[in-house]
Structure formats: structure tokens, C-alpha cells
Amino acid sequence: MTTKTTWPLVRVLRDRDAGLFLSGVVVSGFGTSALWLASGVWVKDLTGSDGLAALCVLALWLPTLGGPLLGTLADRVRRKPLLIGLNLLLAALLLTLVAVDAPGDLWLLYAVLFVYGAAGVVHDAAESALVATAVDRSLLGDFNGLRMTANEGMKLLAPLAGAGLYAAYGSASVALLDAATFVLATGLYAALRVREEKPAPPTGSRRERTSEGARHLWAHPVLRPLVLAGGATMLCAGLNGAMLYAVVDDLGRSPAYAGVLYAVQGAGSIAVGLLSGTALRRLGERRFAAFGIALLALAVALRAVPYDPLALVCSAAIGAGLPAVLIATLTSVQRETPDALLGRVTATAHTLVYTPNVVGLAAGAALVELVSHRLVLVALGVVLLVTAALLVQNPARTERTISRSSPDANPA
């Protein structure tokens, strides 16, 4: 009894379906991260154009804007077969990239990346919805934290592996690796022991069904402030990310030093992912998110000080603070949304939270040429502190911290 209550993280890892889910996240995340870097290098080698290489990231991110529409697919069919079908589709699609070996073939690469991004939106919505069915509600925070840890770990390892594979065997090898990860993920999802009811027939017009996720988010007293705070935080994070090379230059370091700061930031994200379940139970979603945003605010503002040890500490703090609002938002969506709406609500929340990050990166790229990066960083810190304060001020209702004992949380 005591062990189960004290070590929920162990309970997640020992749960068969949760373990399969996490394995699927690690496997597919590895392939995606490897392809993300290699595709840009691939285009750069073929064309010599930085702009065309940057279009790879745009092709992957652009479908996120269609999240509310794409998320409806995750509510129209059973999620497990949908995940299996998406993984097989992507595996087959990636094999076509073997034919790309000249600048004239790049249209195929961009088309595959666009479909890859669109399928990823549906995949994330279906996966999050299925997780809410397969994992005990009291462990969702722990699971989402572990998923964040797995994703961040892959971001540290996979790009290096992808770059090495590309250098040794060429672009086709990276596409084949990613295809293989999706085949493996298909087997992991197929092994899940999840019983799903057939979704009810759709009612209303397509526009009404698409907007239903947004209406649920806006009307919900817990989800709305979290999603708004998440979007504001990711906008500031994008602006902060665009200042990175100015910070590195201010430290008197070469551009390659950015890799060190990214690695330290990733380590911070891995750490908070492991601790997030306990923090969510003790603080609740809103306070956990607010504390994370406040930590991010201080770290971003202090980056304006050109001091190496402080820059490393700030990078670790950014890595620890930023995921808090993301984990809190996803966990709340899973707990507070009816199963029939979960795909649409998840996809809509992802669009509202993650799209501002791209906007921030684009705006920051222009702003860093016009204004001192130190002034921008301090201003971002102030905006983030205000966001954190607003999130904890006058909560709409007392949050459930899931602090009950194991028998209370799961009477069975």
C-alpha cells in the first residue's frame, strides 16, 4: 500500500500499457527528431539555400494550424486502429524519399514533410485520448511527465544520430530509419490491451463538430486559463529562442556553444518530467504551471547578464520551467474532457499552445536585428511573470490535486 502511494512513477513503469505507450513515444520520437535535422541538411546540400532548408521546418509545423479540423478524425473512429494505420501510412510514405536525389525532387520531400506534420497532429490527438483511457487518472501527470522526459531525451540523442547516419550513408538512410521506427511503433500500439467503444455517429454540421473542441476549451474554467497561459508562454519562449545566438555572441563564444546550452536545457526538461507527477499532486495544475512560468521568467531575464556559469544555470532553469505549463495543460485536458471530445480538444489545445512558438521565433528573428537582445530578454521576463501571476490569481475553482490514497483513487 505505502509503496504504491509513495512511488507512483514506479506504478506507471510497471503498467504494461503505459510502458508500451512510452516505448512507442521513444521509438517514433527518435525517428522524427532524426529526420527533422537531416531534412534541412539534405536540402542545404542539394541547393545551398538556407531559405529552402528552413522550409522543411515550416512544412512540418504548418499543419498544426489545422489542429481543430484534424482532431475531429481522432473522435470519429477507435483510436488504437487509427494509431496503427497512421504509423503504417507514414512508414510507407517515408520510403518514397529514397527517390529524392536532385533539387528538382524537393517537391516530394516537402509534400512528405507536410503530410508527416498533418498525420502527427492526428497521431498526437489520438494518442493523448487513448492514454486517458488506458492510464489510471491519478497517474496521468506522472505519465505525461515521463513522456516529456522521453521526448526531450530523444531531442538530445536523435539529431546527433541522424546527422551521423546522414554523413555516413546519405539521406535515404535517415528516411529508412524513420520508416523503421514507425513500423516498430505499429507493433507496440498493436500490443496494447485497450477496450474502446465504437464512437457515436456524428451530429451537426462539420463546422459545428470542428469548433466543438474550441468551445469546450473556452467555456471550461480550468482549461481556458491554462491554454491561454500556455500560448503566451510559448510565444515568449519563441522570442527567447530567437535571441540564443545573440546571447552566445555576448558571452564571447562561437555559435557552436549554442549546442551546449541546448543540451543543458534538455537536461532540465528531463528532470522536471520525472518530478512533474508528484508536483501536480501537491500543487494542482494551475499552481504547478504558474511556478514553472515564474522560473522561466527569472531564467530568461537573467540571460541578459553575460556570465558563463549563469548562462548554464539559466538554460537548465528554462528547460525545467517551460515544460510545466505544457504538462499541466495536457493533463488537465485529459482529466476534464469527455472522451467523445478528447481528440478535438487535444488537437485544438496543441494548436493554441504551440503555434505562438513559431510566431515568436519569426518575430524574434526580426526583432534581434533591431533591438538589444538584453532589453528583449528583460521584457520577456516581465511578461512571463505577469502571466504566472494571472494564472494563480482568483482561480475559478479549487483544483483536484489527486492526493487521495491508492484505494480511494481506484476503488477496484
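I began with the burial of R281 and D142 in this predicted model, and I noted that both residues are buried. I then looked up how they interact, and I found a salt bridge between R281 and D142, with the closest N and O atoms 2.5 Å apart. R281 belongs to helix α14 (residues 257-283) and D142 to helix α9 (residues 140-169), so this pair ties together parts that are 139 residues apart in sequence.

Next I turned to R79, which forms a salt bridge with D339 at 2.9 Å between the closest N and O atoms. Since R79 sits in helix α7 (residues 79-95) and D339 in the loop between α16 and α17, I recorded that the pair ties together parts that are 260 residues apart in sequence. R79 counts as buried at 5% relative accessibility, whereas D339 is partly exposed, with a relative accessible area of 45%. I also noted that salt bridges with shared partners join D75, R79, E212, D339 and R344 into one network.

For the total I have ten salt bridges, one of which links the side chains of D17 and R16 at 3.5 Å, N to O. Here D17 is buried at 10% relative accessible area, while R16 is partly exposed at 37%.

Last I examined α16 (residues 308-336) and α17 (residues 342-367), whose axes come within 10 Å and cross at roughly 160°; the two helices are therefore roughly antiparallel to each other. Their crossing is right-handed. On the α16 side I listed L326, L330, V333 and Q334, which meet residues of α17 including L342, V345 and Y354. The residues of this contact divide into eight nonpolar, three polar and no charged.

Definitions and conventions
Residues are numbered from 1 along each chain as its sequence is written. This is a predicted model: local features need pLDDT of at least 70, side-chain atom pairs count only at pLDDT 80 or more; totals for chains, interfaces and linings use all residues. Side-chain values use heavy atoms; hydrogens and water are left out. Axes are lines fitted to C-alpha atoms, for helices over the stretch in contact, and angles run from 0 to 180 degrees between N-to-C directions. Helices (H or I, at least four residues) and strands (E, at least two) are DSSP runs, numbered from the N terminus. Angles under 35 degrees count as roughly parallel, over 145 as roughly antiparallel, 65 to 115 as roughly perpendicular and the rest as oblique. A crossing is left-handed if the near helix is turned anticlockwise from the far one by less than a right angle, and right-handed if clockwise. Contact means heavy atoms within 4.5 Å. Ala, Val, Leu, Ile, Met, Phe, Trp, Tyr, Cys and Pro count as nonpolar, Asp, Glu, Lys and Arg as charged, and the others, Gly among them, as polar. A salt bridge is a side-chain nitrogen of Lys or Arg within 4 Å of a carboxyl oxygen of Asp or Glu. Buried means under 20% relative accessible area, exposed over 50%, partly exposed in between (1.4 Å probe, protein chains only).
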